[in-house]
2 protein chains.
Amino acid sequence: MKSNEPAPVAPRNKVTIHDIAEKLNITASTVSRALNDNPRISDVTKKAVLKAAKQLNYQPNNIAAALRNGKSYIIGIIIPTADRSFFASVVRGIEEIANKLNYKVIISQSYDNYDKEVQTVDALLSARVDGIIASIGKNTENFDHFKRPQEKGIPLVLFDRTTDDLEVSQVMIDDYLGAYKVVEHLIQQGCRRIAHFTSPKKVSIFKERLRGYLDALRDHEIPFDESLVIKSNLQLEDGRESMKQLLKLEQRPDAVFSASDYGAMGAMQVAKEQGLKVPQDIALAGFGNEPFTSFSDPALTTVDQFSLTMGRITAELFFENFKQSGDNKLVPQKTVLKPELIIRGSSLKGTGPKK
Amino acid sequence: MKSNEPAPVAPRNKVTIHDIAEKLNITASTVSRALNDNPRISDVTKKAVLKAAKQLNYQPNNIAAALRNGKSYIIGIIIPTADRSFFASVVRGIEEIANKLNYKVIISQSYDNYDKEVQTVDALLSARVDGIIASIGKNTENFDHFKRPQEKGIPLVLFDRTTDDLEVSQVMIDDYLGAYKVVEHLIQQGCRRIAHFTSPKKVSIFKERLRGYLDALRDHEIPFDESLVIKSNLQLEDGRESMKQLLKLEQRPDAVFSASDYGAMGAMQVAKEQGLKVPQDIALAGFGNEPFTSFSDPALTTVDQFSLTMGRITAELFFENFKQSGDNKLVPQKTVLKPELIIRGSSLKGTGPKK
């Protein structure tokens, strides 16, 4: 490296391998290899490098520094998938707060797969994160892997897909209320045979949405018809299949409330393919306010989960836990956010479809 | 911990703090604190724990193990945002290959922000990843931060948004060809005044798409009209603004090819709001094949980038580099994938709009 070339600035370490290289008039990669005990570097060079490193008070790497002070300034996030605007926005909210406090964020995806989820915990612990923020996969029923961080004194906070089986703080949305509001709105639009797409999984968010659906029907004295509740994975294809099933019923529904936006979008495709008008013939509503819900024609009525806010609140709760862990045992707290009903053309019958 | 309760299995380390806890009849968290030299643990306990740890050949943590063998079995990925189905799919493809080889994957997002991108490199190095796979942010013009991993002997491979300023292997899509195919298709549909939405940024993907647009016009002897090329950030709102600008022209375009699907979707919204029929009055095409492009009405013609395949190929190239790094200097290689034109209703004039 030429001496008139500025050395790249390394984080937190004042002295870099470039300084050692410059001092000894050798390349940075030789220094790096010498420090890593590479057999291709002569013993003479190795000794010279180690001596210079000591003189300059070089700190070999962040790992060694981390071993000393036990801090990596990295928060690990576990999510089922980042390819969902909900999770992506929550992560964005977490990063906003974390970055202000000079923490960096790394993400590991479970893809709703239990084994992978266990591995994400391993990966983040190997990456020696200072704490973990997680949303649990749909198929997870044993939560032991989430106990490992806590055993190592690494704080854990859960959001959205949470469990009461772990003694941790949680941030979630009021799924029951969101679903209740959707169904109440559909009833106000004159719908009486309202179908519901739900998930067979044990995840509380779907159970809560189903509960909201049932209670709204009951409170408005609409009899419950089991044939109108369809269980699936709630993806686009599932929504299509579920809608085809519904349209074969002798008494067709006049509305569908899907526990996911993807399911509702599949239902809209099939309804339109079969010549039904949305919302005149069948009103539709989803849950989640994915961006594409405003791209469809008509745009989809849905429930907004304030994902960015949820991320910020989760991070704030996390850092509160973080400050206190080690000293006082913090009592795990649960924060429940209120969702917002977003009414769009797919359900607004009154004055015809609106944007 | 009760002795009849199976101890959680820790990765790669045979002996866990649970074994030490069991041997000494204390809790695992006490062991953990003792090993971390927590002041709340008595010296007597600390000594006992250290002695038991030594007897059982306990390896304090993965960090220490990593320091010894220099392997974390973690690959770090840097992407502008995971909230784009393109990037999410590439990551999925990378994970598929990595997991087969027992590597885990962590992600860090740059949000197209240069400072954040520099921090992602820091974060991944602090997390002592074994290698980095990255797609460069739109606003990055200095690539020095990407030299740091290489200086530490940590292999780097770039995909999609790459640069020739770094001596690394790259995997990209033939953006020129994709754009050329789109514009040729629009010309075949009878369009003659074809507008183009592009980015003012220096990222090669947008320059290549613009070049494909220009060459397709030239090859079909359609004169280039500068007023039909609109530069923006290519988000939904930008697409709306750009379309409004185009519709104010004395000679309106009869087609728009947007270098991003979001831009094309914004254009579709405005066209419909102003009573124009798509594709009869104005044909539309995007780039990227984001899932929402099949949700719009009409569905959007676009270019598929084989993101999953791109991820797999990137990972394969990475592990090839990985095997060889340290020993022989690998000559950086460039892999260019061919994109596929997806023709949908937004551009198909011939026999009326189709699905």
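**Group meeting: two chains and their meeting surface**

Hi everyone, let me start at one proline: A:P279 sits in the loop that runs between α11 and β9 (283-285) of chain A. Before going on, please keep in mind that this is a predicted model. The peptide bond that joins A:V278 to A:P279 is cis, with omega at about 10 degrees. A cis bond also links A:D297 to A:P298, and there omega is near 0 degrees. You'll find A:P298 in the loop between β9 and β10 (302-304) of chain A.

One more backbone spot while we are here. A:D160 is not a glycine, yet its phi is positive, near 60 degrees. Look for A:D160 in the loop between β4 (156-159) and β5 (169-173) of chain A. As a reminder, most residues other than glycine have a negative phi, and most peptide bonds are trans.

Now let's zoom out to the domains. Chain A splits into domain 1 (17-60), domain 2 (68-173 + 306-337) and domain 3 (175-305 + 341-347). Between the centres of domain 1 and domain 3 of chain A, taken over C-alpha atoms, there are 65 Å.

Next, the two chains together. How are chain A and chain B related?

How much area do they bury? Chain A and chain B bury about 4,700 Å² between them, and 55% of that is on carbon and sulfur atoms. Three residues, A:S126, A:E151 and A:F295, supply 14% of the area chain A buries against chain B, more than any other three. In terms of contacts, 53 residues of chain A touch 54 residues of chain B.

Finally, the polar side of things. There are 2 salt bridges between the chains. One of them pairs A:K272 with B:D297, whose closest N and O atoms are 3.0 Å apart. I also have 13 residue pairs in polar contact between chain A and chain B. The elements of chain A that give two or more residues to this side include α1 (17-24), α5 (85-100), α6 (114-126) and α11 (261-273). By class, the side of chain A touching chain B has 20 nonpolar, 15 polar and 18 charged residues.

How values were computed. Residues are numbered from 1 along each chain as its sequence is written. Chains are lettered from A and ligands numbered from 1 in the order in which they are written. This is a predicted model: local features need pLDDT of at least 70, side-chain atom pairs count only at pLDDT 80 or more; totals for chains, interfaces and linings use all residues. Side-chain values use heavy atoms; hydrogens and water are left out. Contact means heavy atoms within 4.5 Å. Buried area is the accessible area (1.4 Å probe) that two parts lose on being put together, summed over both. A salt bridge is a side-chain nitrogen of Lys or Arg within 4 Å of a carboxyl oxygen of Asp or Glu. A polar contact is a pair of N or O atoms within 3.5 Å; within protein, one must be able to donate a hydrogen and the other to accept it, and residues adjacent in sequence count only if both atoms are side-chain atoms. Helices (H or I, at least four residues) and strands (E, at least two) are DSSP runs, numbered from the N terminus. Ala, Val, Leu, Ile, Met, Phe, Trp, Tyr, Cys and Pro count as nonpolar, Asp, Glu, Lys and Arg as charged, and the others, Gly among them, as polar. Domain bounds come from an automatic or database domain assignment.
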